[in-house]
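User: I would like to go through the side-chain contacts in this model. Could you take me through them?

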Amino acid sequence: ALDPVLELEDVTVDVETTIVSFLHAFALWGQSARFDARLPYKNARWEGLLAGEPASEERHGLDDPRVRLSVNFLGAPALKGKEYQTYRASHPVSTVVGAALAIRLPLGEYKQNKLLNLGENRYVFRPQLGFVHTRGHWSYELTGSVFLYTKTDEFFGNNKREQDPLYALQT
C-alpha cells in the first residue's frame, strides 16, 4: 500500500516474501493459548512514475517482525491427545471466545532518506476479539480488530507520518 502523498503513479510492485515462524501452544488459566512470532524476509521491486518521471527501485532484506499472544477464555479447555478427542466427541456444538494482541515491531529495513522501504519504522498494535461457533462439520467465525499505528518523526524528507486507526471485521 502506497501513501497517496508520495507522488507515485502507475506503480507496479513485485514482492517475494519468505517467512520464518515460531508457534507455541500452551495452557493459560486452564484454557488454550498460543504465542507466535513471524520474521519476514522480502525481495521487492517497484516500477512506476515518481513526480511524473519513470523510476524503479529494488530492496532486499528484513521486513518488520510480528509477535502475537492469543488466549481463549471460553469453550477451549487446554487438553491433549485423547482428552481433546473425547471432549470434541462429547461437544459437537461448541462456542469458543478469545482475544489476541499482535504487535509489529519496527525492526525491518528502513532508511529515512529512501522513499520506499521494507519496514515501516513504527509500531503497529492489533488487539482482536473473536468467536467461533462449531456445529458438526461447520464453523462460523466472527473477529473484530483494530490496527493502532504509532507515528514516526523520521519519514522520507524529514516528515512525520501519522495514521488513524484501521478497523476490521472478519467473518
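**Aromatic pairs, salt bridges and a surface patch**

Analyst: Let us begin with one side chain. Tyr-123 counts as partly exposed because its relative accessibility is 38%. Please note that this is a predicted model.

User: How many aromatic pairs are there?

Analyst: The count comes to two aromatic pairs. In one of them, Phe-22 and Phe-35 are tilted, with 6.5 Å from centre to centre and 55 degrees between the planes. This pair links distant parts of the chain, since Phe-22 lies in strand E1 (residues 8-28) and Phe-35 in strand E2, 13 residues apart.

User: Changing topic: how many salt bridges does the structure hold?

Analyst: The structure holds 11 salt bridges. One of these joins the side chains of Arg-34 and Asp-36, at 3.4 Å from N to O.

User: Is Asp-36 buried or exposed?

Analyst: Asp-36 has a relative accessible area of 5%, so it is buried. Its partner Arg-34 counts as partly exposed because its relative accessibility is 29%.

User: Which residue does Lys-42 meet in a salt bridge?

Analyst: The side chain of Lys-42 meets that of Asp-63, at 2.9 Å from N to O. The pair links distant parts of the chain: Lys-42 is in strand E2, whereas Asp-63 is in the loop between strand E3 (53-62) and strand E4 (66-74), 21 residues apart.

User: Why does Lys-42 count as partly exposed, and why does Asp-63 count as buried?

Analyst: Lys-42 has a relative accessibility of 21%, so it counts as partly exposed. Asp-63 is buried because its relative accessible area is 7%. The cut-off here is 20%, as buried means under that value.

User: What about Glu-120 and Arg-104?

Analyst: Their side chains meet in a salt bridge of 3.4 Å, N to O. This pair also links distant parts of the chain, with Glu-120 in the loop between strand E5 (93-104) and strand E6 (124-135), and Arg-104 in strand E5, 16 residues apart. Glu-120 counts as partly exposed because its relative accessibility is 21%. Arg-104 is at 25%, so it counts as partly exposed too.

User: One more topic, the surface. Which residues make the nonpolar patch?

Analyst: Val-20, Leu-39, Tyr-41 and Leu-62 make a nonpolar surface patch of about 350 Å². Among them, Tyr-41 lies in strand E2 (residues 31-50).

User: And why does Tyr-41 count as partly exposed?

Analyst: Tyr-41 counts as partly exposed because its relative accessibility is 38%.

Key. Residues are numbered from 1 along each chain as its sequence is written. This is a predicted model: local features need pLDDT of at least 70, side-chain atom pairs count only at pLDDT 80 or more; totals for chains, interfaces and linings use all residues. Side-chain values use heavy atoms; hydrogens and water are left out. Patches are made of residues with over 30% relative accessible area and no salt bridge: like charges are joined within 9 Å, nonpolar side chains (Val, Leu, Ile, Met, Phe, Trp, Tyr) within 5 Å. Accessible areas come from the Shrake-Rupley method with a 1.4 Å probe; for residues, only the protein chains shown count as cover. A salt bridge is a side-chain nitrogen of Lys or Arg within 4 Å of a carboxyl oxygen of Asp or Glu. Helices (H or I, at least four residues) and strands (E, at least two) are DSSP runs, numbered from the N terminus. Buried means under 20% relative accessible area, exposed over 50%, partly exposed in between (1.4 Å probe, protein chains only). Rings of Phe, Tyr and Trp (its six-membered ring) pair if their centres lie within 6.5 Å; planes under 30 degrees apart count as stacked, over 60 as edge-to-face and the rest as tilted.
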